[in-house]
Every structure is written in C-alpha cells, then in structure tokens.
Amino acid sequence: PEPPFLDSLPPTPYTSERFRPLMDNRLPSLAGHRVVLREPRAADADRLFAYTSDPQVTRFLAFDAPRSVGESLRFISRAEALRASDAEYVFTIADSLTDEPLGVTGLRHLDLMMGTAQIGTWLRRASWGAGVNPEAKLLLLAYAFGPLGLHRIEARIAVENGRSRNAFVKLGGRFEGTLRESFRKNGVLLDQGLYAILAPEWHLAARLTAARLGPGAEGPGDG
C-alpha cells in the first residue's frame with residue numbers, strides 16, 4: 001500500500017488553476033512517516049547553523065557556510081520574504097516525532113506561470129542513509145506536482161556528487177546533460193549534471209518509489 005501522505009494529495013491539475021497566485025499565507029506542513037516539511041522558524045537557527053558548520057554537509061551546496069547563528073536567522077527571514085513573493089518555497093525537514101530540524105529542502109527559481117522549479121535539499125550528516133532524503137523529496141515533489149500543479153522540476157547536481165545524483169534518478173529524474181563549469185565552490189569551477197522530472201513521469205515513479213521507501217544510500221545534498 002502507498003504511504004498515507006501520497007494518498008492524501010490530489011492529482012496534478014492540468015488546468016489554468018496552476019497559474020493562479022498560490023501563497024497568500026503560509027506554506028502547508030507536509031507530513032510523512034519519518035519527517036514533516038514545515039516552514040523554517042527562528043528556533044531552528046541554532047541547529048541549522050551547527051549542521052552547516054560541517055564541511056561535508058556543505059561540500060556541494062550553492063552557499064557558503066554561515067559564520068554565525070545570526071546568519072542562519074537571516075537565512076530564515078529571507079526564506080519568508082521569498083515565500084511571500086512566490087519566488088522560492090523553503091521547508092525545514094523536521095523529525096516527525098520530535099520536530100527536531102534535520103535539514104532543509106525547497107523549490108527555487110519558481111515560475112508558476114511556466115510550471116517549473118528547481119529542487120534542492122541538504123541534511124545533517126547524522127541523518128544520511130536513514131531514508132530521510134528520499135521521503136523529504138517525495139513529500140516536496142508530491143506537493144509540487146499536486147497542489148502547486150507544476151509540470152517540470154529540475155535538479156542541478158555536481159557531477160562528483162554521485163549519491164545525490166543516484167537518489168534523484170531513483171525518484172524518476174532523468175539525466176538531460178552536463179552543465180560545464182556551471183558551479184563555483186571554494187574558488188573551483190565544477191560541472192553539474194542537469195536532471196529533470198515531468199509531472200506524468202512523477203505520478204508513475206511516485207508509486208514505485210513509495211512502495212520501496214526505506215533506508216538507503218544518500219549523500220549530503222544536491223544544492
């Protein structure tokens with residue numbers, strides 16, 4: 001049987017409904033078995049700062065590690081402003097039992113008129129390999145292709161980040177090409193793989209992925 005969080009989501013609307021303004025208020029909470037995706041809170045800042053102080057967590061991410069809890073608080077404030085303008089939807093990945101923050105996921109470069117966005121996720125190292133990454137992405141993709149009515153989700157993942165590339169492919173993502181020297185990290189230009197999943201592909205892949213969801217190999221994040 002499919003997890004209840006997939007059963008409760010409506011099918012993707014292929015109508016003009018997806019072009020209306022969507023975020024007049026707050027983001028919804030998206031509940032799975034292991035995790036809940038919810039809006040970031042100021043109380044999350046201490047732990048998010050601690051996690052992003054680990055260079056293995058931020059190795060392939062498109063931001064430099066914050067230098068203080070204050071910078072993590074500014075990230076949370078910025079996420080709220082971006083949500084209010086429908087530019088980016090950022091969620092804290094929280095433990096479903098304790099509400100402890102485990103990482104962050106979100107949709108950026110969001111274009112509601114075109115029905116497109118880019119997905120990015122990172123997790124604290126202690127949660128790698130525990131099934132958190134695939135469930136968080138399942139929840140976010142189900143929201144994107146269901147209530148938001150998006151048609152295409154992209155992921156740009158460093159070529160060296162094999163575990164995150166494999167994780168997205170398992171969710172139905174398809175490799176579309178290499179973006180040469182498209183990403184600068186610590187002064188070094190890196191190639192990225194461009195992956196994407198379309199709404200019709202997602203509805204098929206989601207059922208297969210949900211059926212096998214469990215602990216598996218996963219890495220620090222995909223940007």
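Predicted model: local features only at pLDDT ≥ 70, side-chain atom pairs only at ≥ 80, totals over all residues.
**Entry 1: sheet**

I began at leucine 37, which stands opposite isoleucine 93 in β3. Residues are numbered from 1 along each chain as its sequence is written, and side-chain values use heavy atoms, with hydrogens and water left out.

I took helices (H or I, at least four residues) and strands (E, at least two) as DSSP runs, numbered from the N terminus. Two strands pair if DSSP finds at least two bridges between them. Strand β2 (residues 35–38) runs antiparallel to β3, and 4 bridges join the two. I then traced the sheet, which is open and has 8 strands in the order β1-β2-β3-β4-β5-β6-β8-β7, with mixed pairing. At its edges I found β1 (30–31) and β7, each pairing on one side only.

**Entry 2: threonine 92**

I looked next at threonine 92, in strand β3 (residues 89–95). Threonine 92 counts as buried because its relative accessibility is 0%.

I listed its contacts, meaning heavy atoms within 4.5 Å. Beyond four places in sequence, threonine 92 touches Val36, Leu37, Arg38, Glu39, Pro40, Asp44, Pro101 and Gly103. With aspartate 44 I noted a side-chain polar contact of 3.1 Å. A polar contact is a pair of N or O atoms within 3.5 Å; within protein, one must be able to donate a hydrogen and the other to accept it, and residues adjacent in sequence count only if both atoms are side-chain atoms.

**Entry 3: phenylalanine 183**

I moved to strand β7 (residues 174–185), where phenylalanine 183 lies. Phenylalanine 183 is buried because its relative accessible area is 8%. Leaving aside neighbours within four places in sequence, I found phenylalanine 183 in contact with Phe60, Leu61, Ala62, Val188, Leu189, Leu190 and Gln192.

**Entry 4: helix α5**

I checked helix α5 (residues 162–170) for burial and recorded Gly162, Ser164, Ala167 and Phe168 as buried. The elements covering these residues include β5 (116–123), α4 (132–145), β6 (152–158) and β8 (188–198). After α5 comes glycine 172, for which I noted a positive phi, near 110°.

Methods. Buried < 20%, exposed > 50% of the residue type's maximum accessible area, 1.4 Å probe, protein only.
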